[in-house]
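Hi,

Here is the structure I said I would pass on.

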Amino acid sequence: ALHQQQLIIDVLAQGRGALLLGAHLGSFEVMRALGRQQPGLRVVMVMYEENARKINALLATVNPAAQQDVVALGHVDSMMTVHELFENGAVVGILGDRSLRRDAAASLQFLGALASLPVGPFRMAAILRRPVLFMAGLYRGGNRYDLHFETVADFSSIAAGGREAAIQAAMTRYAQLLEQYCHAAPYNW
């Protein structure tokens, strides 16, 4: 079942693309599968090179056409590739709940303690001036998933001087949403 799908429909109607921020909660692949079924909806995952290499190898065995749906971070042209995807109206997905040690991170309240969450996805959305939606594809047993969308932030009109405060507010909202969905579906974590 789709919940608050109008949010993604509205983003697509603008034709500017959006950052779809997920987590290691439920299944992000459900969103990618939906993207392959919906005309005009292109969902591309952005991830670190080692993970991208593993995913691309797996996808090549299952569906060679799906390889183009993964962009590796850490290359000189990674940000330009993401920018081009946005400009072409794509939804760019990234998991925002874990980072590598070298990544910039912020400590936020999450499930009663401080958790370190990566700043990078939020900075990318802010620099590229895109809306950010939270997505959780929660497994409900059998072959059933509930796909939830929530608004996190819209960096489209944030002035450069207000960027850091807007990033902090977006990160706080993301942590709250993630906590809410972890409580709603704890066995999906």
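**What I found**

Let me start with Asn 188, which sits in the segment after helix 6 (163-184); helices (H or I, at least four residues) and strands (E, at least two) are DSSP runs, numbered from the N terminus. Before going on, two housekeeping points. This is a predicted model, so local features need pLDDT of at least 70 and side-chain atom pairs count only at pLDDT 80 or more, while totals for chains, interfaces and linings use all residues. Residues are numbered from 1 along each chain as its sequence is written, and side-chain values use heavy atoms, with hydrogens and water left out.

Back to Asn 188: its relative accessible area is 15%, so it is buried (under 20% is buried, over 50% exposed and in between partly exposed, using a 1.4 Å probe and protein chains only). Neighbours within four places in sequence aside, Asn 188 is in contact with His 24, Leu 25, Gly 26, Gly 137, Leu 138 and Tyr 139, where contact means heavy atoms within 4.5 Å.

Next, helices 5 and 6. In helix 5 (residues 120-127), the buried residues include Pro 121, Phe 122, Met 124, Ala 125 and Ala 126. The axes of helix 5 and helix 6 come within 10 Å and cross at roughly 130°; these axes are lines fitted to C-alpha atoms over the stretch in contact, with angles from 0 to 180 degrees between N-to-C directions. That makes the two helices oblique to each other (under 35 degrees is roughly parallel, over 145 roughly antiparallel, 65 to 115 roughly perpendicular, and the rest oblique). Helix 5 contributes Phe 122, Arg 123, Ala 126 and Ile 127 to the contact, and helix 6 contributes Arg 163, Glu 164, Ile 167, Ala 170, Met 171 and Tyr 174.

**Salt bridges**

How many salt bridges are there? The count comes to four, taking a salt bridge as a side-chain nitrogen of Lys or Arg within 4 Å of a carboxyl oxygen of Asp or Glu. Among them is the pair of Arg 130 and Glu 87, with the closest N and O atoms 2.5 Å apart. Arg 130 is in the loop between helix 5 and strand 8 (131-139) and Glu 87 in helix 4 (residues 78-87), so this pair links distant parts of the chain, 43 residues apart. Arg 130 is buried at 1% relative accessibility, whereas Glu 87 is partly exposed at 45%.

Another one joins Glu 164 and Arg 123 (4.0 Å, N to O). Because Glu 164 lies in helix 6 and Arg 123 in helix 5, the pair ties together parts that are 41 residues apart in sequence. Arg 123 is partly exposed, at 34%. There is also Asp 146 with Arg 140, whose closest N and O atoms are 3.1 Å apart; Asp 146 is buried at 18% and Arg 140 partly exposed at 31%.

**Positive phi**

Most residues other than glycine have a negative phi. Gln 4, in the loop between strand 1 (2-3) and helix 1 (6-14), has a positive phi near 60° and is partly exposed at 44%. Leu 111, in the loop between strand 6 (105-110) and strand 7 (113-118), has a positive phi near 55° and is partly exposed at 41%. Arg 129, which follows helix 5, has a positive phi near 55° as well.

Cheers
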